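Please look over the model below. This report covers helix packing and a few backbone details.

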Amino acid sequence: MKLKYYIISSALVLSFSSCKKELEKLPQQDIAEEVAFNSPSTALGALRGVYSTAQTFDFYGSLPQVIGDYMGNNVDFVGTFPTLQELNNFSTVSTNVNVATMWQVHYQVITRANNVIAKINLVDGLSAAEKAQYAGEAKFLRALAYFQLANFFAQPFQVSSGSNLAVPLVLEPFDGTVKYPSRNTLNQVHAQVVQDLTEAIPALPQSYDDAADTRGRATKGAAYALLSRLYLYREEWAKAESAARSTLAQGIYDTAPNYAFYSGNTSEDVFTIQNSAIDNGRTGSGGWASYYNPAALGGRGDAPFSQDLINAYTSESGDKRYNLKISGNAADGLPHLFTSKFPDAVNNSDNSPVIRTTEVYLNLAEALAHQSTTPSVEAVTILNTRIRSRAGLLPKAVVTQQALIDALLIERRKELAFEGHSRMDLLRNRQGLRTGNAAAAFGGAKTILPIPQREIDNNPGLQGQQNAGY
């Protein structure tokens, strides 16, 4: 296998020693570049390789999402990993190994997506529609990677209207020439995400023959849903509304009647990364349940409920979402509450929830609320009939626009807890990540991650472009 297939999209010569064992393997979904695009079956294997990389622990295999919840205010990190404690304490350094690996794996997803996008048209035996679809799926995954990278490594849009630096955009496959890209602005990265998703939508199917593919491969609805989230983060309310409506208009998404839908590939799932007990690279490396389960249930007990989240659930009696909890000793040896959303701490086979129908309705309602000076009737209906009713809560009367927005954000927090949304929902609403911690204030240097030092050391294009405070 050629080494260039594994060089991350920033085109830096990095971590060859850590990749050595991987380079010596040739798994079915990680085909050598010479043969990846010479037949329909190997081309599909290359595409599935992008999805497989997206399962990785450091992409959507739980680590970034757990960090997103404990850097926010939903989770208390009580684990013993020093590099994760740094993130929890807002004392991260640029040599943090977890941060470096997150960066590298995201660019591996991007690299492999770039290969599919650039080379799928060379494959004989695929129809024009199939080629367009495969490219569309790769663009969706590339968009997801860039969106998540920007969320972690750039200050949010609200800090400087997107003019601040984010991450390097690399959109072409590696051609053997080492390039040294500089960081693009947040606006440029977001524009590329929009372009990728917009170009993908016409080619993507509404659904697939297999239920797992419908929920676990890119579809029109998934692309529209990711657009709705991006526009929400940018406060482009009309566009967020339109994208959310386009998702729901696909006709295959609906909020579940109860909370038994996790890993079920139901109408509640818009896009869910499919995991199993035998996925390469997952077993033994941790996952959602490893963090979110106490030791008695096979986990490490690193990430229990924060008291702040408990207070949010118990501010009204009878919230069924609070019933999705289990108790046990955490990594600190003390009793805590944990979520039961991810029960398999043995094999870490729980699916990774990326976009749920409930989020799409919340996106729609919030966008509507911001576009009206009085409470939007439709947004109030979504709040009460789609969200609060299922949770066993009485309808909420709201008399002002701000009261409606506040109510939606509280429900969003409780609905999407432990799925990685807390940090960005706070930052995009100009709120600090942790009460009483000056370093966690909105706009604070360490509310975002450092550009990994090894990237700066190896890439002249990144010289002088480290995030403030690092």
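The sections below take the helices and then the loops.

## Basis

This is a predicted model, in which local features need pLDDT of at least 70 and side-chain atom pairs count only at pLDDT 80 or more, while totals for chains, interfaces and linings use all residues. Residues are numbered from 1 along each chain as its sequence is written, and side-chain values use heavy atoms, leaving out hydrogens and water.

Helices (H or I, at least four residues) and strands (E, at least two) are DSSP runs, numbered from the N terminus.

## Helix α17 and its surroundings

Helix α17 (residues 401-416) has 16 residues. From first C-alpha to last, α17 reaches 22 Å, close to the 22 Å expected at 1.5 Å a residue. The expected span is 1.5 Å times one less than the number of residues.

The buried residues of α17 are L404, I405, A407, L408, L409, E411, R412, R413, K414, E415 and L416. Buried means under 20% relative accessible area, exposed over 50%, and partly exposed in between (1.4 Å probe, protein chains only). These residues pack against α11, α14 (307-314), β4 (352-356), α15, α16 (377-388) and α18 (422-428). Contact means heavy atoms within 4.5 Å. After α17 comes F418, with a positive phi near 75°.

Two packed helices are described by the angle between their axes and the distance between the axes. Axes are lines fitted to C-alpha atoms, for helices over the stretch in contact, and angles run from 0 to 180 degrees between N-to-C directions.

The axes of helix α15 (residues 357-370) and α17 come within 10 Å and cross at roughly 165°. The pair is therefore roughly antiparallel. Angles over 145 degrees count as roughly antiparallel, under 35 as roughly parallel, 65 to 115 as roughly perpendicular and the rest as oblique. α15 passes α17 in a left-handed crossing. Left-handed means that the near helix is turned anticlockwise from the far one by less than a right angle; clockwise is right-handed.

From α15, the contact uses T358, E359, L362, N363, A365, E366, A369 and H370. From α17, Q401, L404, I405, L408, L409, R412, E415 and L416 take part. By class, the contact residues are eight nonpolar, four polar and four charged. Ala, Val, Leu, Ile, Met, Phe, Trp, Tyr, Cys and Pro count as nonpolar, Asp, Glu, Lys and Arg as charged, and the others, Gly among them, as polar.

## The α3–α7 pair

The axes of helix α3 (residues 40-54) and α7 also come within 10 Å, crossing at roughly 15°. α3 and α7 are therefore roughly parallel. Their crossing is left-handed.

L44, L47, V50 and Y51 of α3 meet Y134, E137, A138 and L141 of α7. Seven residues of this contact are nonpolar, none is polar and one is charged.

## Helix α9

Helix α9 (residues 186-200) has 15 residues and reaches 21 Å from first C-alpha to last, close to the expected 21 Å. Its buried residues are L186, V189, H190, Q192, V193, V194, D196, L197 and A200. Their cover includes α7 (128-153), α8 (157-160) and α11 (220-233).

## Loop residues

S62 sits in the loop between α3 and α4 (63-70). S62 has a positive phi of about 125° although it is not a glycine. S62 is buried, at 0% relative accessible area.

The loop between α12 (237-248) and β1 (269-273) holds G264. G264 counts as partly exposed, at 40% relative accessibility. Its C-alpha is separated by 9.6 Å from that of D350, 86 residues apart along the chain. N265 is found in the loop between α12 and β1. Phi of N265 is positive, near 50°, in a residue other than glycine.
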